Amino acid sequence: MAQAGSVYPPLEDRPIKETICLFDVDETLTPARRAASPQMLQLLSALRHKCAIGYVGGSDLIKQQEQLGTPAINVTSLFDFCFAENGLTAFRLGQPLASASFIGWLGEDKYKQMVNFCLRYISEIDCPVKRGTFIEFRNGMINISPIGRNATVQERLDFNKFDDEHQIRQKFVAALKEKFPDFGLTFSIGGQISFDVFPTGWDKTYCLQHLEHEKEISGVNYKTIHFFGDKTHKGGNDYEIYEDSRTVGHAVNSPEDTMKAVRELFAL
């Protein structure tokens with residue numbers, strides 16, 4: 001892969017100064033839970049020669065490695081900044097940054113209360129199929145899926161259509177908000193089959209603090225932060241960072257749409 005072997009200018013020497021492009025993962029850089037195309041990786045490599053690039057996703061680093069990296073190439077080598085779990089697990093130029101813990105913040109007792117409620121609720125949901133891994137515990141959040149994260153690609157597509165009609169995830173989120181109003185949690189619907197639960201303020205804007213610290217490391221002050229995402233509507237997991245005053249938001253609806261926007265914006 002050409003992009004893996006490229007030598008990029010230091011962050012402070014990129015031609016487009018004080019600028020970074022941040023990308024959501026699912027349906028922005030890749031089809032949901034599938035791999036990025038060679039064309040996308042080549043475009044990102046070309047963009048990286050012009051300005052800094054990074055991604056921010058709700059999934060853990062293992063899933064992002066599957067989607068954006070290869071068995072021979074670590075995803076952290078393909079981006080200047082890698083923000084897994086909204087930046088709660090973060091890498092800068094391949095090196096880890098400080099992380100934070102969801103369970104440490106919430107506490108075991110409250111966590112068990114919520115999990116028990118979710119499992120009871122899921123048992124009563126009537127959807128076309130149910131698979132496995134209904135609650136996935138991550139470092140900085142939990143991910144809840146009424147159908148189960150082990151669903152196949154086709155089952156995910158089918159559930160997404162079913163959810164559009166019956167609002168399964170929206171109703172689930174409403175029930176959690178009603179049951180646990182004082183837990184200080186945010187519920188963010190993303191992708192095709194699930195939603196994330198994390199402390200309020202730990203949405204994708206969490207990663208921006210890492211970019212703000214860059215001026216203390218390399219002297220680069222990122223005054224222009226382009227963000228590209230597909231779930232930019234209120235309640236979507238890209239909404240907060242898309243609307244944040246520190247970013248320039250670009251709403252896209254597919255990896256192809258992202259490539260078109262990047263080519264037009266940066267003359268690539």
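I looked up the largest pocket and found about 460 Å³ of space in it. The model is predicted, so I kept to pLDDT of at least 70 for local features and 80 or more for side-chain atom pairs, while totals for chains, interfaces and linings use all residues. Residues are numbered from 1 along each chain as its sequence is written, and side-chain values use heavy atoms, without hydrogens and water.

**Largest pocket**

A pocket here is an open set of points on a 1 Å grid over the protein atoms alone, with protein on both sides within 12 Å along at least five of seven lines; a cavity is a set where a 1.4 Å probe fits but cannot get out; lining residues have an atom within 4 Å of a point. A volume is the space filled by probe spheres set on the points, which are joined across faces, edges and corners.

I noted 21 lining residues for the largest pocket, with Gln-170, Ile-189, Lys-234, Gly-235 and Gly-236 nearest its centre. At least two lining residues each come from helix H6 (153-166), helix H7 (168-179), strand E8 (185-190) and helix H10 (239-243). Helices (H or I, at least four residues) and strands (E, at least two) are DSSP runs numbered from the N terminus. E8 gives the largest share of this lining, five residues.

I sorted the pocket lining into five nonpolar, nine polar and seven charged residues. Nonpolar covers Ala, Val, Leu, Ile, Met, Phe, Trp, Tyr, Cys and Pro; charged covers Asp, Glu, Lys and Arg; the others, Gly among them, are polar.

**Largest cavity**

I counted two cavities of 30 Å³ or more. The largest cavity holds about 270 Å³ of space. Its lining has 28 residues, and Asp-26, Ser-59, Gly-190, Gly-191 and Asn-237 lie nearest the centre. Helix H3 (61-68), E8 and strand E9 (194-199) each supply at least two of the lining residues. I sorted the cavity lining into five nonpolar, 12 polar and 11 charged residues.

**H6 against H7**

I read an angle of about 60 degrees between H6 and H7, with their axes 6 Å apart. Axes are lines fitted to C-alpha atoms, for helices over the stretch in contact, and angles run from 0 to 180 degrees between N-to-C directions. H6 and H7 are therefore oblique to each other; under 35 degrees would count as roughly parallel, over 145 as roughly antiparallel, 65 to 115 as roughly perpendicular, and the rest is oblique.

For contact (heavy atoms within 4.5 Å), I listed Phe-159, Asn-160, Phe-162, Asp-163 and His-166 in H6 against Ile-168, Arg-169 and Lys-171 in H7. The residues of this contact divide into three nonpolar, two polar and three charged.

**Positive phi**

Most residues other than glycine have a negative phi. I noted Gln-167, not a glycine, with a positive phi of about 55 degrees. Gln-167 sits in the loop between H6 and H7 and is partly exposed, with a relative accessible area of 28%. Buried means under 20%, exposed over 50%, and partly exposed in between (1.4 Å probe, protein chains only).

Glu-85, also not a glycine, has a positive phi of about 50 degrees. I placed Glu-85 in the loop between strand E3 (81-84) and strand E4 (89-92). Glu-85 is buried, at 4% relative accessible area.

**Glu-155**

I found Glu-155 in helix H6, buried at a relative accessible area of 16%. Leaving out residues up to four places away in sequence, Glu-155 touches Val-129, Arg-131 and Ile-147.
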